[in-house]
Amino acid sequence: MHELLERTIKEASSYFQNFLIHEYSKKSALHAVDARIKLIATIIFIVLAVSTFNLEKVLLVLVFLIAISAVTGLSLRSIAERIWPFTLFSFVVVLPISLSNPTYAVTFTLRVATSLVAIQMLVMTTSFAEICLALRSFRVPEVFVSALWLGYRYAVLMFRELLSILLARESRRVSKGSHMDVWRKGGEAVGLFFLRSFEKAEKVQLAMEARGEALNHYHGKLKMLDFVYATIVAFTALWWVII
Amino acid sequence: MHIPDGYLDLSVAGLFYILSIAVLGYSIYRLREQKLTSLFGIVAAAIFAAQMLNWPIPGGTSAHFVGGALAGILLGPYAGTLAMAVVLTIQCLVFADGGITALGANIWNMAIVDVFVGYYIYKALERFNRSIAAFVAGWLGITLAAIFAGIEIGISSSFGYGLGVTVPVMGVWHAILGIVEGVITAGVVSYIAAARPDVFEQKAAPGKLALGVIAAMIVVSPLFAYAAELVGYAEPLENAAEKIGLEENPIYEGLLPDYTLPGLDPYVGTLIAGIVGTVIVLGLGVILSRYARTT
């Protein structure tokens, strides 16, 4: 079971770094743009990138996104570090086709890369709290948004709880055990973990009801800055169309 | 199994958004009177944590647990589907795991197909043997979810491979990895059945008609996807422009019509137009940065 623990901790530590990426990525002008505008902008950029196989159009969106990131102060290096694994994977997947149709392989990979840059520009500059507020202002059902926010806040805590259960079991283990044993015992540990999560959910619900569920709503008005970013998005779309 | 942006045609992605929103909306409607917000949130966090477990498998690699079928069995299909949708949305918007345009399809595969199929199978087999029922539910749930992902990608003309490649690759691979999913689902279910049998008793039987409709939606969704693809993908925005006659009679020719300059080699023209566009975006970006400093 130590293998399970070791691999999990290794992967989780890199995964959890993402949680506060917007905090430690270099402060950029994009951080100050309203999350609602950024969310819509991300969707528009991605739709522009993935609704065409015209290489020029895809490149146009990619170059524009890189230009926006560079000039607003986002680290291009961090973006590249975060998008390359999946971009490379996508290229490898379509590699066999590239023999007969190289343009397709390049365009396909660039579409994926462009979408990844667009998402990273959102993720690196926006806290999840802001995204939830933005979703709320778009009238996404309250239950869903609250659950998103709770799930996000409790993810690290629940992971610690799961790890402590596994560590406790590992410390009591005397035999090495086969893969099947690890799966079975691990399954039991995860069972205990889910029971605890139900109990925690109940407590949190009671606490929320006792205090009254206060909701944060967006009161912020759009600033000049937001209109400038909206103009950039609109210009990108316009240039994409007239190309 | 998270489909990223760029793999699906927009028509297919849009269709699965509609289907997923319909099922999620109905699930919220069904559970409206129960105060379950924290259950979705906390259990979603728990599933999220459990998905991090890196189960070693023979041969030195490892497999992840998805947990859709388990969520359906433990929480019932409606609450399970919402908890899984919460997990997938967080993964998309925080970790960029799975694309934004593909979120509808990802929710359909992992939060609806996996959860509902897992639930149906478990309910059908439970009376024979609880552990085996949970194993089959976990295994088949994840395998079918992968097959659905294969269908969605395979039908999309954006992806260079057809159904003949994507479905077997996704299906066979996940049918093997799914064994881990099945064993863990069975382990969790038998542990909870022994420790807290009341967890299973609390699940009130949900409406049969609605369950039937959702099952039918799952079965016919690949046909819908095929139809959506037939309706025409290619380049939706350009198609739309063509339909309303913008292509023939552009409203505005632009400074650099068709991205070229008259009298210039088209490639050079395109390059110049691209540079001009980039310079304009850079200029707007500088203005944005200046405003950001003043606020």
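Helices themselves are DSSP runs (H or I, at least four residues), as are strands (E, at least two), and both are numbered from the N terminus.

Residues are numbered from 1 along each chain as its sequence is written, and chains are lettered from A and ligands numbered from 1 in the order in which they are written.

Back to α9(B), where there is a kink of about 45° at B:Val220, shortly before the proline B:Pro222; the bend at a residue is the angle between axes fitted to the seven residues ending there and the seven starting there. B:Ile214, B:Ser221, B:Ala225 and B:Ala228 are buried in this helix. A residue is buried if 20 or more other C-beta atoms (placed from the backbone) lie within 10 Å of its own, exposed if 12 or fewer, and partly exposed in between. The cover over the buried residues of α9(B) includes α1, α5 and α6 (130-155) of chain B.

Stepping back, chain B has 11 helices and two strands, arranged along the sequence as α-α-β-β-α-α-α-α-α-α-α-α-α. Of its 295 residues, 52% are buried. B:Ala96, in the loop between α4 (77-95) and α5 (103-125), has a phi near 55°, a positive value in a residue other than glycine. B:Ala96 is buried because 25 other C-beta atoms lie within 10 Å. B:Glu33 sits in the loop between α1 (10-30) and α2 (37-51) and counts as exposed because it has 6 C-beta neighbours inside 10 Å.

Chain A has 10 helices and zero strands. Its radius of gyration, taken over C-alpha atoms, is 22 Å, well over the 18 Å that the globule rule gives for 243 residues, so chain A is more spread out than a compact globule. That rule is 2.2 Å times the number of residues to the power 0.38. The C-alpha trace of chain A spans about 65 × 55 × 30 Å along its principal axes, and 44% of the residues in the chain are buried. In the loop between α7 (128-137) and α8 (142-172) of chain A lies A:Arg139, with a positive phi near 70°; A:Arg139 counts as exposed, with 8 C-beta neighbours inside 10 Å.

How do the chains meet? Here 86 residues of chain A are in contact with 74 residues of chain B, contact meaning that the C-beta atoms of two residues, placed from the backbone, lie within 7 Å. Helix α9 (residues 179-211) of chain A gives the most to chain A's side, with 19 residues. That side divides into 59 nonpolar, 18 polar and nine charged residues; Ala, Val, Leu, Ile, Met, Phe, Trp, Tyr, Cys and Pro count as nonpolar, Asp, Glu, Lys and Arg as charged, and the others, Gly among them, as polar.

Finally, confidence: the model scores ipTM 0.90 and pTM 0.88. Chain B averages a pLDDT (the predictor's confidence in each residue, from 0 to 100) of 83, but pLDDT stays under 50 over residues 247-255 of chain B. Where pLDDT is low, the predicted coordinates should not be read in detail.

Key:
Predicted model: local features only at pLDDT ≥ 70, side-chain atom pairs only at ≥ 80, totals over all residues.
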